[in-house]
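Thanks for making the time this morning. I would like to take you through two interfaces, one after the other, and I will keep to what can be computed from the coordinates.

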Protein chains: 2
Amino acid sequence: MTHDTTPTQPATTPAPSAAAAPAPPGGPAASATAAGGAGTRLDPWFGSYAARAHGMRASEIRALFAVANRPEVVSLAGGMPFIEGLPLDVIGEAVQRLIATKGTTALQYGSGQGDEELRERILEIVALEGITDAHPDDVVVTTGSQQGLDLVTRIFVDPGDVVLAEAPSYVGALGVFRSYEAQVQHVPLDADGLVPEALERAIVQARSAGQRVKFLYTIPNYHNPAGVTLSLERRQRVLEICKRHGVLIIEDNPYGLLGFDREPLPALRAFDDEGVVYLGSFSKTFAPGYRVGWVIAPHAVREKLVLASESSILSPSNASQMAITTYLATCDWRGQIKAYREMYRERRDAMVGALSEHLPSASWNVPDGGFYVWVRLPDGLDARSMLPRAVTERVAYVPGTAFFYDGQGADHMRLSFCYPTPERIREGVRRLASVVNSEADLVRLFGTHAEPDDDPRDAEHPSPNLA
Amino acid sequence: MTHDTTPTQPATTPAPSAAAAPAPPGGPAASATAAGGAGTRLDPWFGSYAARAHGMRASEIRALFAVANRPEVVSLAGGMPFIEGLPLDVIGEAVQRLIATKGTTALQYGSGQGDEELRERILEIVALEGITDAHPDDVVVTTGSQQGLDLVTRIFVDPGDVVLAEAPSYVGALGVFRSYEAQVQHVPLDADGLVPEALERAIVQARSAGQRVKFLYTIPNYHNPAGVTLSLERRQRVLEICKRHGVLIIEDNPYGLLGFDREPLPALRAFDDEGVVYLGSFSKTFAPGYRVGWVIAPHAVREKLVLASESSILSPSNASQMAITTYLATCDWRGQIKAYREMYRERRDAMVGALSEHLPSASWNVPDGGFYVWVRLPDGLDARSMLPRAVTERVAYVPGTAFFYDGQGADHMRLSFCYPTPERIREGVRRLASVVNSEADLVRLFGTHAEPDDDPRDAEHPSPNLA
């Protein structure tokens with residue numbers, strides 16, 4: 001957990017010499033703080049950081065993922081879609097025509113809210129999940145839906161405010177909430193998604209304790225990491241509870257169109273245009289490399305989101321937005337999503353098949369969409385402390401602790417089936433099973449060897465490797 | 001200043017009905033606040049926003065710029081580069097080859113720190129301004145240098161912290177500082193840039209008052225909006241003062257390569273790798289539509305910037321970064337910058353020539369690089385209250401108030417010569433002169449008719465129109 005373990009450290013960065021180092025920064029008060037700090041020698045600005053930056057440090061997991069990206073490792077860790085499935089030649093030609101004919105727009109600054117033609121296209125997409133009453137002016141285009149999460153949190157969360165989130169929840173969202181110094185209150189989920197009674201209890205308890213509950217963050221479809229989907233009946237109940245208690249809902253829906261067995265359920269936003277802020281993304285259904293997502297929000301919220309986005313990036317990339325508009329206009333995107341669904345279903349089957357064969361001592365759900373299987377390890381095993389060994393055995397996963405705000409989750413791991421081929425998935429699970437089984441042998445012989453890690457500061461920050 | 005004046009309001013957004021509106025959000029305390037607020041009827045979430053969002057509202061100027069973007073208006077307002085000067089056919093073909101051959105990387109998630117090949121290319125660019133000791137690992141690629149500003153402020157500034165900035169300073173930076181609830185302390189500049197004695201006085205005074213001074217934000221080259229350049233001798237003194245007082249320097253340098261008459265001066269970062277965080281951008285020398293900028297920062301700062309960026313957007317766009325790398329590798333980018341310098345010099349000449357001819361009652365600097373002329377109006381005129389009239393006369397500018405944190409600047413306006421052709425610039429200045437001269441007649445007849453606007457909440461947020 002020192003600077004030396006980070007993968008990105010330059011071998012050639014000169015250590016700051018004492019003679020060249022500036023005076024302790026931040027004024028007299030900060031100097032006093034910095035003087036005794038271990039960070040002072042490494043970082044002359046140690047005493048200057050904002051409170052929100054104190055928890056920002058690279059974790060051991062980040063260093064491991066730098067290794068896990070090597071080709072000999074089967075990574076069941078990341079949420080990268082299988083780009084090889086896209087018609088790259090066709091996309092390349094379309095983008096060439098775009099730049100040649102509309103380059104003076106594509107390469108220029110754009111609107112802070114996002115390109116209007118793209119916002120119209122986005123409405124066609126969300127209509128597939130029942131959102132039919134939105135106007136292009138309700139849409140804010142973002143630099144991936146991660147930026148949507150960041151902006152929503154920025155405009156709503158003061159330090160100490162409560163954010164409700166499923167247990168487990170998306171690592172990248174937890175990182176954002178932490179960076180704005182929110183208190184995350186986890187709400188249990190089961191096979192039908194978020195448990196409404198537990199949600200209401202959490203709201204009432206937080207309010208009774210004098211806490212401000214700012215919003216519920218939920219992933220209703222093919223949950224990351226739990227793989228479950230909120231049932232239709234529960235959607236109504238969650239909406240009713242949140243409306244009754246005046247709690248805004250942040251609906252994060254990157255996977256909704258990637259169901260294997262059925263048509264999508266209506267989005268929460270389809271039932272309520274004032275109580276729900278909806279986050280969408282092209283990263284899982286098309287390509288993450290353009291970094292384009294969107295937010296659909298009630299009027300006043302949307303207005304603040306645009307101002308916050310302009311403060312953060314001035315405007316989303318016109319080149320990226322117009323490339324996506326061109327893709328949607330010239331390629332069979334509905335057919336592409338259908339092809340992705342079939343491909344991911346095959347990979348899901350490969351993964352659960354291999355788990356049944358090689359890891360019967362674990363348990364897991366069988367997701368009917370999305371990218372993830374959430375695996376509970378045999379008793380006594382710790383997914384976090386096992387990870388270095390797994391990477392040594394050339395397989396990677398994300399330990400369950402990444403998906404909790406409070407250090408829970410060491411008994412789980414998230415396995416992604418989106419990126420490797422079915423053959424590689426089977427090989428990865430075989431390798432993983434051999435690690436798990438020999439760890440289980442050790443536990444049987446010597447007892448649990450790792451303390452559960454409950455220091456929330458050690459939980460993960462968002463990272464492309466964990467998307 | 002009501003919602004009705006914003007250009008982006010949808011005509012069809014239904015007003016929330018009282019029956020459908022959720023209960024007042026944010027818990028009992030917030031409900032009490034919201035109950036009496038005028039915003040409640042318009043915005044059911046009025047009581048839920050974070051403190052930092054309270055000042056976020058669209059200004060009158062934004063509404064005017066929506067009009068100013070119409071083709072019949074000569075806009076001397078924006079900082080948009082003249083994209084028509086780029087070899088769009090060549091760029092289109094290069095991007096087509098990129099997607100066809102490297103599409104599985106370009107369209108995928110990338111590194112949070114940015115593409116390594118691009119970071120190497122960036123070092124070639126900054127070497128032109130004397131930064132020769134940086135390593136690719138010192139570079140963080142950002143979504144425009146606006147994101148660099150946002151991230152630096154995010155990791156350093158707690159509410160109430162002091163940020164030092166020139167008087168005037170870049171509107172987009174002031175907006176970021178405001179959004180993190182910083183106190184901006186302006187430091188005077190003159191024809192040689194920031195005044196070192198005034199800088200030292202500001203540091204000492206703030207510290208004496210018990211304030212935490214987090215950094216100096218400075219634009220040393222072809223300042224936005226003042227057009228001036230920090231002299232070589234003053235660069236040394238500013239560095240010395242900041243080092244002695246332990247104040248970090250944020251050096252924002254989008255225009256450094258766009259000088260008309262001489263080779264660039266060495267960057268502040270060229271003299272000090274521990275005390276300076278350097279912000280660079282492709283937006284002015286190539287194209288803003290890809291939204292790619294960069295930060296060069298000391299090791300520990302850079303590490304936090306990467307974590308903050310991942311929290312904000314996961315990773316910068318691979319497609320954008322690789323398009324720029326391809327441009328740098330296949331096009332004569334040095335020749336392109338030289339062509340831009342000549343083109344912008346011609347436009348500068350057109351602007352100052354037209355000002356001399358039509359507006360002799362005003363005064364201005366003659367910038368030797370960059371995009372902007374900073375014009376002082378005849379006594380008694382108010383650039384902010386004059387803007388609606390100017391837009392009616394089909395010419396737009398940015399009132400000086402946008403470039404101050406504290407309501408100063410109504411006696412100035414920023415004129416940009418980057419985007420319109422010389423002929424349009426001359427026509428724009430002619431129209432502007434007719435507005436100024438008839439306003440001056442009114443002032444002579446009736447006295448100053450507008451109160452200076454000193455409500456800092458009315459100052460501008462960053463916007464693509466003001467870049």
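**Two interfaces, between chains and within a chain**

Let me begin with the contact between the chains, where the area buried between chain B and chain A comes to about 9600 Å², with carbon and sulfur atoms giving 60% of it. On the side of chain B, the residues that lose the most area to chain A are Trp45(B), Leu107(B) and Tyr109(B), although together they make up 8% of what that side buries. Please keep in mind throughout that this is a predicted model, and that the side-chain atom pairs I mention are counted only at pLDDT 80 or more.

In terms of residues, 119 of chain B are in contact with 119 of chain A. How are the two copies related? Chain B superposes on chain A by a rotation of 180° with 0.0 Å of shift along its axis, at an RMSD of 0.0 Å, and the two copies are therefore related as by a two-fold rotation axis. If you want to find that axis on the screen, look for Gln96(B), whose C-alpha is the nearest to it in chain B, at 2.6 Å. The same surface serves both copies, in that 100% of the contact residues of chain B recur in chain A.

Which elements of chain B build its side of the contact? Those that supply at least two residues each include helix H1 (27–35), helix H3 (88–106), helix H5 (144–156), strand S6 (213–218) and helix H10 (318–330) of chain B. The largest share, 13 residues, comes from H9(B), a helix that spans 299–313. By class, the side of chain B that touches chain A has 55 nonpolar, 39 polar and 25 charged residues.

Now to the second interface, which lies inside one chain. Chain A is divided into domain 1, made of 57–85 and 336–466, and domain 2, which covers 88–330, and the C-alpha centres of these domains of chain A lie 25 Å apart. Between them about 3100 Å² is buried, and here carbon and sulfur atoms give 60% of the area. In domain 1 of chain A, the residues that lose the most area to domain 2 are Arg341(A), Asp368(A) and Tyr405(A), together 26% of what that side buries. As for contacts, 33 residues of domain 1 of chain A meet 39 residues of domain 2.

How many salt bridges are there between the two domains of chain A? The count is 2; separately, I would point out the salt bridge in which the side chains of Asp261(A) and Arg345(A) meet, at 3.2 Å from N to O. The rule also finds 13 residue pairs in polar contact across this domain interface of chain A.

On the side of domain 1 of chain A, the elements giving two or more residues are helix H11 (333–358) and strand S11 (372–376), and the largest share, 7 residues, comes from H11(A). The residues of that side divide into 19 nonpolar, 7 polar and 7 charged.

That is where I will stop, and I am happy to take questions.

Technical notes:
Residues numbered from 1 in each chain as written. Chains lettered and ligands numbered in written order. Predicted model: local features only at pLDDT ≥ 70, side-chain atom pairs only at ≥ 80, totals over all residues. Heavy atoms only, no water. Domains from an automatic or database assignment. Contact = heavy atoms within 4.5 Å. Buried area = accessible area lost by both parts, 1.4 Å probe. Salt bridge = Lys/Arg side-chain N within 4 Å of Asp/Glu carboxyl O. Polar contact = N/O pair within 3.5 Å; in protein donor to acceptor, adjacent residues only side chain to side chain. Helix = DSSP H or I, 4+ residues; strand = E, 2+ residues; numbered from the N terminus. Nonpolar A, V, L, I, M, F, W, Y, C, P; charged D, E, K, R; others polar. Least-squares fit on C-alpha atoms with pLDDT ≥ 70 in both.
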